[in-house]
Amino acid sequence: QRTDRAQADFARLNIIQEPLTGPVDPAFAVSYALRHNLDYRVRVFEEFVARAQFDVTSWDILPRIEAEAGYYWRSNEPAARSKVLGTGSLSQFESVSADRQGYTWSMPLVINALDIGINYARAKQASDQRHISFERRRKIAQNVVQETVSAYWMAVAAESLLPAFDELIQYVHTVAGSMNAAASEGLVSRDDSFRFERELYATVEQLLDRRYELQSYRLKFASLLSLPPQASIRLAHRRVTPMAAFRPSSLKPLVTTALARRPELSQEDYAARITSYETERALLSIFPTLKAFDGPRSDTNSYLTYNQWTAAGATVSMNLLKLLSLPAVIAQQESQQTLNYTRRLQISMAIYIQIYLAVAEIRNNELAISISRKVHAADKELVDSARSQVRAERAGVFELARRSEEHTSELQSPY
């Protein structure tokens, strides 16, 4: 059974739900991910479940109509004698007032005031739980958008750089072969040849690690789109447009906006309301229970003058031991409220620091991009110079390979 399920799941994972007919740009990638990303779809269905739970809970507020039907039978007649109050003597003859077997049914309307109050608080909790599911879905949507855009540009960088890496790795192997030939001809010593070859293959190891990292970018991008690893994805290569310098005059508006709109804090607001409703439910359960009923009844007993009638009544009951738990209930709810407040402050502080770190990272990236462009230009000049030296003499081949690797690595900086 597990094997069949595994095979079915594997076949399902390799199905492309929406074929990609053209080049994929960032906007299409984001829309595609929001339609098919499995993490996001899980949150969507969790929200559907929370809504359905709210609909189910809402019905518990209504009164109950308790339809009941029964059958009774006994092995002998239900005979009885009566007692005379004045004399205390028993009647001489036994009498029967009920049949040995029969049917009963009733369908009263039952109203339990305490259950209605408790179920109303439970329905409000279910409503807030539905809002929490929405906020969780919103958080996942933000993460999917951010990760998809980032993975797209890294996949573009990988697609652009992988041919250069393959060419460079092939070139290093060619240089190693040339160095072995030079050692065989006696142009360089055997020790120098082995030393150079070792350093050369150490560079190849670094290139292979970087090449694997570049290949993983495409796989991550495909996973965010819920596409199988072997799916064909054509990326729309676009030149990166430099962003305007980010220079906010004050970080306070950014922080206050984040504290007002972040899904994590909205979830905590709803969680605090759920706690307050839980307190209401706990306190209501201590109150007396008022139960009223009214509805038709029927009995097939042939000795009854009226086999069908309407009955109504009310009862009040209370669990006196519940009063003893009142201090513990209040203490537990106060602790829960304190926990919710402290957790909200914890999340707020994390968001506060995150805003400052994000602004600092943006400014640092602006500076890093500017420096990497200068390094890229300098490495290009060094590579061109090393190529010129190789044409003149063999001694610069390792320097060319090393400079080419550094130059190829620097190509990733603009992304």
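## Around Phe221

Leaving aside neighbours within four places in sequence, Phe221 touches Val24, Ala29, Thr148, Ala151, Tyr152, Ala155, Ile233 and Leu235 in this predicted model.

Phe221 also belongs to the largest nonpolar core, a set of 22 residues. Along with Leu227, Ile233 and Leu235, Phe221 is listed among the residues with the most contacts inside that core. In soluble globular proteins, nonpolar side chains tend to be buried together.

## Where the core residues come from

Two or more residues of this core are given by each of helix 2 (26–36), helix 3 (38–58), helix 4 (113–184) and helix 5 (190–224). Helix 4 supplies the largest share, with seven residues.

## Asp25 in a loop

The loop between helix 1 (2–13) and helix 2 contains Asp25. Asp25 has a relative accessible area of 18%, and because buried means under 20%, Asp25 counts as buried. At 2.8 Å, the side chain of Asp25 reaches the backbone nitrogen of Phe28.

## Strand pairing

Strand 5 (residues 101–106) pairs with strand 2 (residues 68–73); the two run antiparallel and are joined by six bridges. Within this pairing, Ser106 of strand 5 stands opposite Glu68.

Strand 5 also pairs with strand 7 (residues 289–299), again in the antiparallel sense, over three bridges. In strand 7, the residue opposite Ser106 is Arg297.

Conventions:
Residues are numbered from 1 along each chain as its sequence is written. This is a predicted model: local features need pLDDT of at least 70, side-chain atom pairs count only at pLDDT 80 or more; totals for chains, interfaces and linings use all residues. Side-chain values use heavy atoms; hydrogens and water are left out. Two strands pair if DSSP finds at least two bridges between them. Helices (H or I, at least four residues) and strands (E, at least two) are DSSP runs, numbered from the N terminus. A nonpolar core is a set of buried Ala, Val, Leu, Ile, Met, Phe, Trp, Tyr and Cys residues joined through side-chain atoms within 4.5 Å. Buried means under 20% relative accessible area, exposed over 50%, partly exposed in between (1.4 Å probe, protein chains only). Contact means heavy atoms within 4.5 Å. A polar contact is a pair of N or O atoms within 3.5 Å; within protein, one must be able to donate a hydrogen and the other to accept it, and residues adjacent in sequence count only if both atoms are side-chain atoms.
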